[in-house]
Amino acid sequence: MPKTASLRPSLTRLAEPMESLGGLLRDWLPRQRWFAGKDRPVTELGLLSMTELFPGCLHLLIHAGHAGHTGVPSPGGAPPAGDCYQLLLGVREHPSPRLGRALIGRVQDGPLAGLTVYDALHDPRSAQLLLDRLRHPGTAGPLRFDCDPDQPVPGGLVPRLLDAEQSNSSLVYGDEYILKVFRRIQPGVNPDLEVPGALARQGCHRVPAPVAWFQTKHPFKATLGVLQPYLRDASDGWTLALHALAAGDDFTAQARALGAATAEVHLALASAFPVGEPGENGHTATAMSERLAAAAHCVPALQPYVPGLRTAFAALATCDAGPPAQRIHGDLHLGQVLRAGREWFVIDFEGEPSRPLSERRSAHSPVRDIAGMLRSFDYAARQRRPWRPEWARRCRETYCAGYAARAGWDPRKKHGLLRAYETDRAVYEVLYEARHRPDWLPVPMAAIERLAVRGD
Ligand SMILES: Nc1ncnc2c1ncn2[C@@H]1O[C@H](COP(=O)(O)OP(=O)(O)O)[C@@H](O)[C@H]1O
Ligand SMILES: O=P(O)(O)O[C@H]1O[C@H](CO)[C@@H](O[C@H]2O[C@H](CO)[C@@H](O)[C@H](O)[C@H]2O)[C@H](O)[C@H]1O
């Protein structure tokens, strides 16, 4: 059995832990899928907080600064500029060879010299101890662990880390629960805790409700992770859509049911959170135009289409107000919906990861979510050659019909709104793909061309 490094209590008070970790993390962090600053070199790494969670496991909040940003939190606890990441680091003399993929490296300098550091979420023992902390409310330094006393979580569940490419890291326990450990941390309550909790209180069964969570109060208050029931026999909408496409199967019945489920979630959100006034289209159009300009600056391939795309935003400013602004999902696509039995469930209420948390928690038009899902049918249809525009068109049509039947208003009758929100979403996707998956860029670019040239 590998010997766990003795992490003396003094370790948590070490003055210069980054002497040991800085070099390793500077190399490792930018290679993680959830690292947001891939297009900007990391110029500075700073430690915002460090807590010994249990022997051999450190909880860290790390600031990654890019040129011109400082990692020093400003007075009053406001977050430093740049990004803050949550890491759980295992620290051992001789980690198990089974942790090979999780290795970050062997420390050369500073107080941890000679020890090996790895991503502790890959270590079943650490994952089990983390669940134990969640099962028993309490604190560890600035960290606080809470659970819903009405939904007790049993001990001894075997953990496994999901290895899908994700914005965060998720551990599944005994196929009973899933713990999402947020990676990029922003101040405030994370919508992925706030929204499912509020929807559960509304009696909405479309969203798995949180059963335990943990947060920090230093260097700012923030949600760090959420445990919820795991839908064990579920398949996500993206996988189902690709299977249907591969088999030449129709997907319209599923799309219709998905439209109805989206409307149900929107109705529950409108009951759970304050609803805004309609009539903000001018302001929204300006924000969309600004996002387009910023995206075209980063991705020059967008530039020839800017004038055509702007016509969608100009039209939005003058078209009817549409449904009132309300809390929405914020990043709805086929990968965010799960089909279990004959029901659709909606997960991941974090919103678009690159937007500030305050913006993600504010009210927006529900058309934004609808546009996100319509774009997703287009993404799916473009995964096979020859691509299948008819398949996407039918899914889009029936999704809207399903939505209309439940919501009482029909997205298809809001053409100007839908076009503007779809354009805004495609612009976001161009930026997302350029940063994370350049090979996928042609998918949203095809939509950009269509929206700019044909406008439909
Ligand atoms: N409650 C759940 N039940 C079953 N699978 C889930 C559940 N929540 C998430 N998943 C699975 O985990 C994946 C990642 O979850 P998600 O919340 O989208 O994380 P991320 O923010 O990292 O993208 C999903 O695509 C889904 O396959
Ligand atoms: O990681 P998240 O699920 O929160 O969302 C981000 O990554 C998604 C890709 O994994 C990205 O979605 C885009 O690609 C999907 C296919 O992989 C497609 O279904 C979506 O329509 C498309 O937007 C999402 O935009 C991004 O925020």
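Does T116 count as buried or exposed, going by its relative accessibility? At 8% relative accessibility, T116 counts as buried; the word is used for residues under 20% relative accessible area, while exposed means over 50% and partly exposed lies in between (1.4 Å probe, protein chains only). Before we go on, please keep in mind that this is a predicted model, in which local features need pLDDT of at least 70 and side-chain atom pairs count only at pLDDT 80 or more, while totals for chains, interfaces and linings use all residues. Residues are numbered from 1 along each chain as its sequence is written, chains are lettered from A and ligands numbered from 1 in the order in which they are written, and side-chain values use heavy atoms, with hydrogens and water left out.

Let us stay with T116 for a moment. T116 sits in strand β5, residues 116–119; helices (H or I, at least four residues) and strands (E, at least two) are DSSP runs, numbered from the N terminus. The side chain of T116 is joined to that of R106 by a polar contact of 3.2 Å. Such a contact is a pair of N or O atoms within 3.5 Å; within protein, one must be able to donate a hydrogen and the other to accept it, and residues adjacent in sequence count only if both atoms are side-chain atoms. Leaving aside residues up to four places away in sequence, T116 also touches residues including G90, V91, E93 and L103, where contact means heavy atoms within 4.5 Å.

Now move along to helix α3. Nine of the 11 residues in α3 (residues 191–201) are buried, so the helix is largely enclosed by the rest of the structure. Among the elements that cover its buried residues are β10 (177–181), β13 (222–229) and α5 (252–272). At the start of α3, a side-chain oxygen of N190 comes to within 2.8 Å of the backbone nitrogen of D192. After the helix comes G203, with a positive phi near 80°.

One of the buried residues of α3, L199, leads us into the interior. The largest nonpolar core has 65 residues, and L199, F377, W391 and Y399 touch the most other members. A nonpolar core is a set of buried Ala, Val, Leu, Ile, Met, Phe, Trp, Tyr and Cys residues joined through side-chain atoms within 4.5 Å. Apart from this core lies another, of 35 residues, with L61, L134, Y173 and L224 among them.

Next, the ligands. Around ligand 1 there are 17 residues, of which N168, K180, Q228, P229 and L231 come nearest; a residue is near a molecule if one of its heavy atoms lies within 4 Å of it. β10 and β13 each supply at least two residues of this shell. An oxygen atom of ligand 1 is 2.9 Å from a polar backbone atom of N168, and a nitrogen atom of the ligand is 2.8 Å from a polar backbone atom of L231. Ligand 1 taken alone exposes 560 Å², and the protein buries 85% of that; the areas come from the Shrake-Rupley method with a 1.4 Å probe, and for residues only the protein chains shown count as cover.

Ligand 2 is surrounded by 16 residues, the closest being S167, D331, S376, Y428 and E429. α11 gives the most to this shell, with four residues. An oxygen atom of ligand 2 is 2.9 Å from an N or O atom in the side chain of R437. The protein covers 91% of the 540 Å² of accessible area that ligand 2 has on its own.
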